[in-house]
Amino acid sequence: MAMRVPRDASLPNPDPSADSPSAALVNEHAPYMVATYARPPPVFVQGEGSYVWDVENRKYLDFTAGIAVTSLGHSDAEFTNLLTQQAKTLIHASNLYYNPWTGALSKLLVETTRSSGGMHDAARVFVCNSGSEANEAAIKFARKTGKILDPSGEKTEVVSFNNAFHGRTMGSLSATHNPKYQKPFAPMVPGFVQGTYNDINGIKSLVTEKTCGVIVEPIQGEGGVMTGSEEFLVALAQRCREVGAVLIYDEIQCGMGRTGTFWAHGSLAKEAHPDVITTAKALGNGFPIGAVVVNDFVGDKIQVGDHGTTFGGNPLACRLAHYLVGRLSDETLRKGVVEKGRLFRDGFDKLRERFPELITEVRGRGLILGLQLTEDPGAIVKAARERGLLVITAGTNTLRFVPSLVVSEEEIAEGLEILGEAIAATR
Ligand SMILES: Cc1ncc(COP(=O)(O)O)c(C=O)c1O
């Protein structure tokens with residue numbers, strides 16, 4: 001167990017300077033990298049549990065988990081062992097042939113989805129390589145379903161919501177109605193319509209006979225940790241059934257145990273269950289994989305040749321994901337997530353009392369949590385990092401917390417203490 005290090009509000013972990021080994025490495029490599037990200041100076045080389053270390057051996061408590069990915073923490077012993085074993089056995093043979101692990105993962109995902117209170121009619125799985133790809137497949141499945149239900153070709157509209165994030169490929173981007181992401185790459189794929197998240201009254205005119213699919217995050221991650229209300233999701237699901245539209249829950253960020261239920265929608269009434277679930281991120285704990293879980297309403301309409309992927313479903317990724325589904329659906333772990341979420345919230349409430357002009361709201365569930373601030377969190381993120389804590393932002397002025405699900409009580413206390421120091425230092 002990690003020792004709690006006493007800290008004061010000095011800078012025990014300042015960002016690497018311009019003449020540091022980190023800067024030398026970055027200066028050598030960055031010119032060869034397409035500049036898609038603005039990264040801070042540290043260069044991470046190692047991880048264990050909730051901690052990562054940089055090239056200069058600075059230690060950071062990681063409340064980002066690689067953006068809600070490393071739910072079992074860094075370097076989980078059994079995960080690493082299976083990775084090594086399977087890498088020595090069979091990594092890839094292509095989807096032209098059967099292997100034991102694509103099917104085993106599919107079966108386990110379906111069984112776990114049903115037994116955990118999620119999508120009660122889950123039936124089959126398509127395995128791919130990322131979240132965007134999972135959403136891309138889900139959108140294609142919805143379009144195909146629409147074509148079969150209405151051969152006139154009129155049923156092609158895909159509905160998604162404001163503040164949603166569904167990915168960066170052209171289809172998933174077209175469902176991500178954010179000018180920051182869409183504008184440089186316009187025109188988008190035709191037929192994508194935007195609605196207002198949690199607006200029950202708007203559903204009827206938004207979702208019509210022309211709608212083939214509706215994609216929605218039960219909890220919006222990138223959008224600022226916004227929770228979909230049960231009434232909204234029930235009404236949306238009912239309307240989808242009325243007009244024969246495929247309801248897709250994007251659980252790429254909020255799923256796989258992060259809220260304390262295996263799927264975030266697992267706590268909702270059965271009427272709110274979707275036809276499709278998309279997942280990725282924690283499904284691989286850092287090893288690239290995505291998956292689409294469908295019911296027979298959708299699965300029956302997808303035939304040989306409709307969709308494919310070279311890497312998706314390879315035995316290495318699937319064996320790892322098979323292990324992760326088992327670990328992340330474990331009852332003790334899920335109860336722990338709820339308990340740890342409470343500890344975070346208690347700490348956030350205290351911070352809110354201490355900085356009432358800064359923190360206006362605490363949002364989320366389990367270990368997907370957001371602190372709504374009245375200012376850009378950039379300075380706080382940097383001050384936290386320079387005190388050994390990694391946190392990320394989301395939406396508009398939201399600090400987002402998506403630590404590993406095995407984060408300890410001591411680590412939560414340590415992180416909250418650093419966060420308080422970081423906020424104080426930026427006042
Ligand atoms: C809800 C949601 N959907 C889709 C994606 C895209 O996943 P990927 O980056 O693996 O393509 C993300 C990534 O942040 C996400 O949070």
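Guide: The C-alpha centres of domain 1 and domain 2 lie 27 Å apart. This is a predicted model, in which local features need pLDDT of at least 70 and side-chain atom pairs count only at pLDDT 80 or more, while totals for chains, interfaces and linings use all residues. Residues are numbered from 1 along each chain as its sequence is written.

Visitor: How many residues does the contact take from domain 1 and from domain 2?
Guide: The contact takes 22 residues from domain 1 and 22 residues from domain 2. Two residues are in contact if their C-beta atoms, placed from the backbone, lie within 7 Å.

Visitor: Which helix gives the most to the side of domain 1 that touches domain 2?
Guide: That is helix 12, with five residues. Helices (H or I, at least four residues) and strands (E, at least two) are DSSP runs, numbered from the N terminus.

Visitor: And where are the bounds of the domains?
Guide: Domain 1 covers 42–69 + 332–425, and domain 2 covers 80–329. These bounds come from an automatic or database domain assignment.

Visitor: Changing topic: which residues come nearest to the ligand?
Guide: Of the 15 residues around the ligand, the nearest are Ser-130, Gly-131, Ser-132, Gly-167 and Gln-253. A residue counts as near if its C-beta atom, placed from the backbone, lies within 6 Å. Helix 5 (residues 131–149) gives the most to this shell, with three residues.

Visitor: What about Phe-262, buried or exposed?
Guide: Phe-262 is buried because 25 other C-beta atoms lie within 10 Å. The term buried requires 20 or more such atoms within 10 Å, exposed means 12 or fewer, and partly exposed lies in between, with C-beta atoms placed from the backbone. Phe-262 sits in the loop between strand 10 (246–250) and strand 11 (276–279).

Visitor: Which residues is Phe-262 in contact with, leaving aside its neighbours within four places in sequence?
Guide: They are Thr-112, Ser-116, Gly-118, Met-256, Gly-257 and Ser-329.

Visitor: Which residues of helix 13 are buried?
Guide: In helix 13 (residues 378–385), the buried residues are Ile-380, Val-381, Ala-383, Ala-384 and Arg-385. Their packing partners include strand 3 (59–62) and helix 14 (409–425).

Visitor: What is the order of the open sheet of four strands?
Guide: The order is 1-2-3-15, with mixed pairing. Two strands pair if DSSP finds at least two bridges between them. Strand 2 (residues 51–54) and strand 3 pair in the antiparallel sense over three bridges, and Val-52 stands opposite Tyr-60 in strand 3.
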